Amino acid sequence: MSRPNFPVNRLKTKLAAGQPAAGSFLFTGEPALVEIMGYAGLDFVIIDTEHTPNDSLQVQHLVRAAELAGITPVVRVLANYPAYILRALDVGAQALLIPQVNSAAEAESAVRAAKYGPQGERGMAGIVRAARYGFVPLGEYIQAANDNTMVIVQVESMAAVRNLDAILAVDGVDAVFIGPADLSQSMGLAGQFENSEFRRTIHGIIDRAKAADVRVGIFCAKAADARYWREAGADMLAVGADTMLFAAAVRDLVKDLG
Ligand SMILES: O=C([O-])C(=O)C[C@H](O)[C@@H](O)C(=O)[O-]
(Lines give C-alpha, C1' and ligand atoms only; values in the text may rest on other atoms or scores of the structure.)
Protein backbone atom coordinates (compact mmCIF):
# COMPACT_ATOMS: atom_id res chain seq x y z
CA MET A 1 0.00 0.00 0.00
CA SER A 2 1.50 3.35 -0.96
CA ARG A 3 1.29 6.36 1.30
CA PRO A 4 0.06 9.49 -0.55
CA ASN A 5 1.81 12.81 -0.04
CA PHE A 6 0.30 16.26 0.30
CA PRO A 7 1.26 18.67 -2.49
CA VAL A 8 3.64 21.54 -1.83
CA ASN A 9 1.86 24.90 -1.91
CA ARG A 10 4.12 26.73 -4.35
CA LEU A 11 2.21 30.02 -3.99
CA LYS A 12 2.56 29.96 -0.22
CA THR A 13 6.27 29.05 -0.40
CA LYS A 14 7.02 31.91 -2.79
CA LEU A 15 5.05 34.52 -0.87
CA ALA A 16 6.61 33.41 2.42
CA ALA A 17 10.05 33.84 0.85
CA GLY A 18 9.14 37.39 -0.18
CA GLN A 19 9.13 36.48 -3.87
CA PRO A 20 6.37 37.62 -6.24
CA ALA A 21 4.17 34.87 -7.66
CA ALA A 22 2.54 34.83 -11.10
CA GLY A 23 -0.63 33.08 -12.20
CA SER A 24 -3.80 33.37 -14.20
CA PHE A 25 -7.52 32.73 -13.91
CA LEU A 26 -9.17 29.61 -15.31
CA PHE A 27 -12.66 30.37 -16.59
CA THR A 28 -13.23 27.29 -18.75
CA GLY A 29 -13.48 23.92 -17.04
CA GLU A 30 -10.63 22.45 -19.11
CA PRO A 31 -7.99 20.51 -17.13
CA ALA A 32 -5.55 20.54 -20.10
CA LEU A 33 -5.32 24.33 -19.79
CA VAL A 34 -4.40 24.01 -16.11
CA GLU A 35 -1.62 21.58 -17.07
CA ILE A 36 -0.39 23.99 -19.77
CA MET A 37 -0.28 26.87 -17.27
CA GLY A 38 1.74 24.69 -14.88
CA TYR A 39 4.17 23.38 -17.48
CA ALA A 40 4.65 26.93 -18.79
CA GLY A 41 5.91 27.96 -15.34
CA LEU A 42 3.06 29.86 -13.69
CA ASP A 43 2.97 29.54 -9.89
CA PHE A 44 -0.79 29.42 -9.38
CA VAL A 45 -4.09 29.09 -11.21
CA ILE A 46 -7.30 30.65 -9.89
CA ILE A 47 -10.12 28.24 -10.72
CA ASP A 48 -13.13 30.52 -10.86
CA THR A 49 -16.55 29.49 -9.62
CA GLU A 50 -17.83 33.04 -9.02
CA HIS A 51 -18.29 34.01 -12.65
CA THR A 52 -18.38 30.53 -14.26
CA PRO A 53 -20.70 27.52 -14.20
CA ASN A 54 -17.90 25.21 -12.94
CA ASP A 55 -19.29 22.87 -10.29
CA SER A 56 -17.49 20.96 -7.54
CA LEU A 57 -16.90 17.84 -9.62
CA GLN A 58 -15.27 19.92 -12.35
CA VAL A 59 -13.21 21.81 -9.77
CA GLN A 60 -11.98 18.46 -8.46
CA HIS A 61 -10.74 17.49 -11.97
CA LEU A 62 -9.06 20.90 -12.32
CA VAL A 63 -7.37 20.65 -8.91
CA ARG A 64 -6.06 17.20 -9.86
CA ALA A 65 -4.59 18.60 -13.08
CA ALA A 66 -2.94 21.40 -11.08
CA GLU A 67 -1.30 18.93 -8.70
CA LEU A 68 -0.05 16.91 -11.66
CA ALA A 69 1.56 19.98 -13.25
CA GLY A 70 2.97 21.42 -10.01
CA ILE A 71 0.90 24.64 -10.05
CA THR A 72 -1.00 25.79 -6.95
CA PRO A 73 -4.79 25.47 -7.33
CA VAL A 74 -6.54 28.50 -5.86
CA VAL A 75 -10.35 28.26 -5.98
CA ARG A 76 -12.41 31.43 -6.12
CA VAL A 77 -15.63 30.47 -4.38
CA LEU A 78 -19.04 31.67 -5.50
CA ALA A 79 -19.50 33.70 -2.32
CA ASN A 80 -18.23 33.94 1.24
CA TYR A 81 -20.31 31.06 2.63
CA PRO A 82 -18.89 28.18 4.70
CA ALA A 83 -20.59 25.58 2.47
CA TYR A 84 -18.86 26.86 -0.70
CA ILE A 85 -15.53 27.07 1.12
CA LEU A 86 -15.90 23.51 2.42
CA ARG A 87 -16.67 22.14 -1.05
CA ALA A 88 -13.57 23.77 -2.56
CA LEU A 89 -11.29 22.57 0.23
CA ASP A 90 -12.60 19.01 0.35
CA VAL A 91 -11.71 18.46 -3.33
CA GLY A 92 -8.19 19.73 -2.65
CA ALA A 93 -7.99 23.51 -3.14
CA GLN A 94 -4.75 24.75 -1.58
CA ALA A 95 -5.88 28.34 -1.41
CA LEU A 96 -9.21 30.12 -1.43
CA LEU A 97 -10.00 33.42 -3.09
CA ILE A 98 -13.04 34.87 -1.34
CA PRO A 99 -14.92 37.56 -3.30
CA GLN A 100 -16.44 40.71 -1.83
CA VAL A 101 -14.98 40.68 1.68
CA ASN A 102 -15.93 44.06 3.10
CA SER A 103 -15.23 43.87 6.83
CA ALA A 104 -13.09 42.17 9.45
CA ALA A 105 -16.13 40.12 10.53
CA GLU A 106 -16.50 38.77 6.98
CA ALA A 107 -12.78 37.95 6.81
CA GLU A 108 -13.00 36.18 10.20
CA SER A 109 -15.94 34.14 8.95
CA ALA A 110 -13.90 33.00 5.91
CA VAL A 111 -10.95 31.96 8.09
CA ARG A 112 -13.26 30.08 10.49
CA ALA A 113 -14.77 28.16 7.57
CA ALA A 114 -11.36 27.37 6.06
CA LYS A 115 -9.52 26.05 9.13
CA TYR A 116 -10.08 23.05 11.37
CA GLY A 117 -10.12 23.63 15.11
CA PRO A 118 -8.73 25.19 17.12
CA GLN A 119 -8.17 27.95 14.49
CA GLY A 120 -11.62 27.46 12.95
CA GLU A 121 -14.61 25.22 12.57
CA ARG A 122 -14.27 23.69 9.10
CA GLY A 123 -16.58 20.70 8.74
CA MET A 124 -14.61 17.53 9.38
CA ALA A 125 -14.27 14.88 6.66
CA GLY A 126 -11.32 12.51 6.84
CA ILE A 127 -12.15 10.43 3.77
CA VAL A 128 -12.46 13.08 1.07
CA ARG A 129 -9.91 13.72 -1.69
CA ALA A 130 -8.15 16.46 0.30
CA ALA A 131 -7.65 13.94 3.12
CA ARG A 132 -6.26 11.42 0.63
CA TYR A 133 -9.39 9.32 1.10
CA GLY A 134 -8.33 8.36 4.61
CA PHE A 135 -4.92 6.96 3.60
CA VAL A 136 -3.28 9.49 5.97
CA PRO A 137 -4.03 9.50 9.72
CA LEU A 138 -6.70 12.11 10.50
CA GLY A 139 -4.57 14.12 12.96
CA GLU A 140 -1.77 14.40 10.42
CA TYR A 141 -4.20 15.46 7.69
CA ILE A 142 -5.78 18.14 9.90
CA GLN A 143 -2.39 19.61 10.72
CA ALA A 144 -1.29 19.57 7.08
CA ALA A 145 -4.58 21.14 5.95
CA ASN A 146 -4.37 23.97 8.48
CA ASP A 147 -0.70 24.62 7.65
CA ASN A 148 -1.20 24.49 3.89
CA THR A 149 -4.53 26.21 3.25
CA MET A 150 -4.32 29.89 2.33
CA VAL A 151 -7.15 32.37 2.80
CA ILE A 152 -7.02 35.26 0.35
CA VAL A 153 -9.77 37.86 0.61
CA GLN A 154 -10.82 40.17 -2.19
CA VAL A 155 -10.74 43.90 -1.60
CA GLU A 156 -13.00 45.19 -4.31
CA SER A 157 -15.30 47.83 -2.83
CA MET A 158 -14.96 51.16 -1.07
CA ALA A 159 -16.40 49.53 2.07
CA ALA A 160 -13.44 47.12 2.03
CA VAL A 161 -11.01 50.01 1.48
CA ARG A 162 -12.49 51.85 4.46
CA ASN A 163 -12.23 48.72 6.62
CA LEU A 164 -8.90 47.60 5.21
CA ASP A 165 -6.77 48.01 8.35
CA ALA A 166 -9.19 45.84 10.35
CA ILE A 167 -9.30 43.23 7.55
CA LEU A 168 -5.48 43.16 7.41
CA ALA A 169 -5.36 42.54 11.16
CA VAL A 170 -7.47 39.36 10.98
CA ASP A 171 -5.42 36.36 12.04
CA GLY A 172 -5.40 33.76 9.25
CA VAL A 173 -5.75 36.16 6.31
CA ASP A 174 -2.73 35.28 4.14
CA ALA A 175 -3.27 37.94 1.52
CA VAL A 176 -5.70 40.54 0.24
CA PHE A 177 -6.48 40.55 -3.49
CA ILE A 178 -7.57 43.63 -5.38
CA GLY A 179 -10.40 43.20 -7.90
CA PRO A 180 -9.98 46.25 -10.14
CA ALA A 181 -13.23 45.86 -12.07
CA ASP A 182 -15.48 45.68 -9.02
CA LEU A 183 -13.47 48.33 -7.20
CA SER A 184 -13.80 50.73 -10.13
CA GLN A 185 -17.57 50.17 -10.14
CA SER A 186 -17.77 50.76 -6.39
CA MET A 187 -15.93 54.07 -6.87
CA GLY A 188 -18.40 55.18 -9.54
CA LEU A 189 -15.60 54.83 -12.11
CA ALA A 190 -16.59 51.54 -13.76
CA GLY A 191 -13.90 50.39 -16.17
CA GLN A 192 -11.86 53.63 -15.89
CA PHE A 193 -8.65 51.80 -15.05
CA GLU A 194 -6.38 54.73 -15.93
CA ASN A 195 -8.29 57.21 -13.74
CA SER A 196 -5.83 58.86 -11.33
CA GLU A 197 -8.08 58.61 -8.26
CA PHE A 198 -8.66 54.93 -9.01
CA ARG A 199 -4.93 54.24 -9.36
CA ARG A 200 -4.17 56.20 -6.17
CA THR A 201 -6.68 54.00 -4.36
CA ILE A 202 -4.94 50.82 -5.55
CA HIS A 203 -1.53 52.21 -4.55
CA GLY A 204 -3.02 53.01 -1.12
CA ILE A 205 -4.29 49.42 -0.69
CA ILE A 206 -0.88 48.01 -1.60
CA ASP A 207 0.95 50.41 0.72
CA ARG A 208 -1.36 49.66 3.65
CA ALA A 209 -1.02 45.89 3.12
CA LYS A 210 2.77 46.23 2.99
CA ALA A 211 2.77 48.28 6.18
CA ALA A 212 0.74 45.52 7.89
CA ASP A 213 3.11 42.86 6.49
CA VAL A 214 0.27 41.15 4.63
CA ARG A 215 0.78 39.94 1.06
CA VAL A 216 -1.24 41.62 -1.67
CA GLY A 217 -2.50 40.34 -5.01
CA ILE A 218 -4.16 41.97 -7.97
CA PHE A 219 -5.89 41.00 -11.20
CA CYS A 220 -4.13 42.42 -14.27
CA ALA A 221 -5.44 42.31 -17.82
CA LYS A 222 -1.95 42.15 -19.31
CA ALA A 223 1.69 41.50 -18.44
CA ALA A 224 2.65 45.20 -18.60
CA ASP A 225 0.10 45.95 -15.84
CA ALA A 226 1.48 43.07 -13.77
CA ARG A 227 5.02 44.46 -14.09
CA TYR A 228 3.76 47.89 -13.02
CA TRP A 229 1.91 46.63 -9.93
CA ARG A 230 4.77 44.28 -9.02
CA GLU A 231 7.07 47.32 -9.04
CA ALA A 232 4.52 49.10 -6.82
CA GLY A 233 4.72 46.26 -4.29
CA ALA A 234 2.09 43.67 -5.29
CA ASP A 235 3.17 40.10 -4.56
CA MET A 236 0.55 37.97 -6.31
CA LEU A 237 -0.02 38.84 -9.94
CA ALA A 238 -3.00 37.15 -11.60
CA VAL A 239 -2.69 37.97 -15.27
CA GLY A 240 -5.69 37.42 -17.52
CA ALA A 241 -7.55 34.16 -17.85
CA ASP A 242 -7.43 31.10 -20.09
CA THR A 243 -10.22 32.59 -22.21
CA MET A 244 -8.39 35.92 -22.57
CA LEU A 245 -5.08 34.24 -23.45
CA PHE A 246 -6.74 32.06 -26.06
CA ALA A 247 -8.72 34.99 -27.48
CA ALA A 248 -5.51 37.01 -27.87
CA ALA A 249 -3.72 34.11 -29.57
CA VAL A 250 -6.59 33.54 -32.03
CA ARG A 251 -6.87 37.29 -32.74
CA ASP A 252 -3.13 37.38 -33.55
CA LEU A 253 -3.43 34.29 -35.74
CA VAL A 254 -6.27 35.80 -37.77
CA LYS A 255 -4.26 39.04 -38.14
CA ASP A 256 -1.11 37.15 -39.20
CA LEU A 257 -3.05 35.19 -41.80
CA GLY A 258 -3.92 38.53 -43.40
O1 LIG B 1 -13.12 42.84 -9.90
C2 LIG B 1 -12.18 42.27 -10.49
O3 LIG B 1 -11.42 42.86 -11.29
C4 LIG B 1 -11.95 40.85 -10.21
O5 LIG B 1 -12.46 40.34 -9.26
C6 LIG B 1 -11.16 40.04 -11.17
C7 LIG B 1 -12.16 39.40 -12.10
O8 LIG B 1 -11.91 38.24 -12.66
C9 LIG B 1 -12.84 40.40 -12.99
O10 LIG B 1 -11.98 41.34 -13.48
C11 LIG B 1 -13.62 39.89 -14.16
O12 LIG B 1 -14.17 38.80 -14.08
O13 LIG B 1 -13.68 40.63 -15.14
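Start by selecting R76, which you will find in strand β3, residues 72-76. Helices (H or I, at least four residues) and strands (E, at least two) are DSSP runs, numbered from the N terminus. What you have open is a predicted model: local features need pLDDT of at least 70, side-chain atom pairs count only at pLDDT 80 or more, and totals for chains, interfaces and linings use all residues. Residues are numbered from 1 along each chain as its sequence is written, and side-chain values use heavy atoms, with hydrogens and water left out.

**Stop 1: around R76**

Is R76 buried or exposed? With a relative accessible area of 7%, R76 is buried. Here, buried means under 20% relative accessible area, exposed means over 50%, and partly exposed lies in between (1.4 Å probe, protein chains only).

Now show the side chain of D48 as well. The side chains of R76 and D48 make a polar contact of 2.6 Å. A polar contact is a pair of N or O atoms within 3.5 Å; within protein, one must be able to donate a hydrogen and the other to accept it, and residues adjacent in sequence count only if both atoms are side-chain atoms.

Next, bring up the neighbours. Not counting residues up to four places away in sequence, R76 touches a set that includes F25, F27, I46, H51, L97 and Q154. Touching, or contact, means heavy atoms within 4.5 Å.

**Stop 2: helix α5**

Select residues 104-114, which form α5. Buried in this helix are A104, A107, A110, V111, A113 and A114. An α-helix has 3.6 residues a turn, so residues three or four places apart point the same way. What do the buried residues of α5 pack against? Colour α4 (82-90), β4 (95-98), β5 (150-155) and α8 (164-168) to see their partners.

**Stop 3: the loop between α5 and α6**

Follow the chain onward to R122, in the loop between α5 and α6 (138-148). R122 counts as buried because its relative accessibility is 5%. Show Y141 too: a polar contact of 2.9 Å joins its side chain to that of R122. Leaving out residues up to four places away in sequence, R122 also has contacts with residues including L86, D90, R112, A113, A114 and T149.

In the loop between α5 and α6, look at P118 as well. A cis peptide bond joins G117 and P118, with omega at about 10 degrees.

Then move to F135, again in the loop between α5 and α6. F135 has a relative accessible area of 43%, so F135 is partly exposed. Which residues does F135 touch, not counting those up to four places away in sequence? They are M1, S2, R3 and P4. F135 and S2 are 133 residues apart along the chain, yet their C-alpha atoms are separated by 8.7 Å.

**Stop 4: the start of the chain**

R3 counts as partly exposed, because its relative accessibility is 46%. Not counting residues up to four places away in sequence, R3 touches F135, V136, P137 and E140.

**Stop 5: two backbone details**

Select Q100, in the loop between β4 and α5. Phi of Q100 is near 50 degrees, a positive value in a residue other than glycine. Then try D213, in the loop between α10 and β7, where phi is near 60 degrees, again positive in a residue other than glycine. D213 is exposed, with a relative accessible area of 62%.

**Stop 6: the largest pocket**

Finish by selecting P180, A181, F193, F219 and C220, which lie nearest the centre of the largest pocket among its 26 lining residues. The elements giving two or more residues to this lining are α9 (180-186), α10 (196-211), β7 (215-220), α11 (223-231), β8 (236-241) and α12 (242-257). On a 1 Å grid over the protein atoms alone, a pocket is an open set of points where a 1.4 Å probe fits, with protein on both sides within 12 Å along at least five of seven lines; lining residues have an atom within 4 Å of a point.
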